[in-house]
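User: Could you walk me through how to read a model like this one? I'd like the general idea each time, then the case at hand.

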Amino acid sequence: MIKIEHNLLSEDFRLYDFLKKQDPDEWITQKEIALALPDIFPCTLEDMQDFHNATIRHSITNRIRRLNESDYLPKQVFSGPK
């Protein structure tokens, strides 16, 4: 049996890899993340119209928090109201 030292999912690693490829001096919005990774964060037109209250936005926030809380990853993902 293999012991796993972290609580990250494969989707978390895909999000992390996507974020690592972004320009570190530029902000990327959660809406842009959802559009770039539709297989992880499937969005409806209704989600896009009221993105702040959409379940998918909360999912992105939770995944970013999980990335930041993990000691397994070598760098932090900074997030803010932008």
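Analyst: Let's go from the overall picture down to single residues.

User: Before that, what are the ground rules?

Analyst: This is a predicted model, so local features need pLDDT of at least 70 and side-chain atom pairs count only at pLDDT 80 or more, while totals for chains, interfaces and linings use all residues. Residues are numbered from 1 along each chain as its sequence is written, and side-chain values use heavy atoms, with hydrogens and water left out.

User: What is the mean pLDDT of the protein, and where is confidence lowest and highest?

Analyst: pLDDT is the predictor's confidence in each residue, from 0 to 100. Where pLDDT is low, the predicted coordinates should not be read in detail. Here the protein's mean is 85, and 83% of its residues reach 70 or more. Helix α3 (residues 45-49) has the lowest confidence, at a mean of 88, and α2 the highest, at 94.

User: How many helices and strands are there?

Analyst: Elements are DSSP runs numbered from the N terminus: helices are H or I with at least four residues, strands E with at least two. This protein has four helices and zero strands, in the order α-α-α-α from the N terminus.

User: How do I read burial, and which residues of α4 are buried?

Analyst: Buried means under 20% relative accessible area, exposed over 50%, and partly exposed in between (1.4 Å probe, protein chains only). Of the 82 residues of the protein, 30% count as buried. In α4, the buried ones are I56, R57, I60, T61, R63, I64 and L67. They cover an arc of only 165° around the axis, so they sit on the same side of α4; the arc is that of the directions from the helix axis to the C-beta atoms. An α-helix has 3.6 residues a turn, so residues three or four places apart point the same way. On the other side of α4, T55 and E69 are exposed.

User: What covers the buried residues of α4?

Analyst: The cover includes α1 and α2 (30-36); contact means heavy atoms within 4.5 Å. For a view from α2, take A34, which lies in that helix. A34 counts as buried because its relative accessibility is 1%. Leaving aside neighbours within four places in sequence, A34 is in contact with F41, C43, M48, F51 and I60. A34 and I56 are 22 residues apart in sequence, with their C-alpha atoms 7.7 Å apart in space.

User: Last one: which residues form the aromatic pair?

Analyst: Rings of Phe, Tyr and Trp (its six-membered ring) pair if their centres lie within 6.5 Å; planes under 30 degrees apart count as stacked, over 60 as edge-to-face and the rest as tilted. The structure holds one aromatic pair: F13 and Y72, edge-to-face, 5.9 Å centre to centre with 80° between the planes. It links distant parts of the chain, with F13 in helix α1 (residues 10-20) and Y72 in the segment after α4 (55-69), 59 residues apart. F13 counts as partly exposed because its relative accessibility is 24%, and Y72 counts as partly exposed at 49%.
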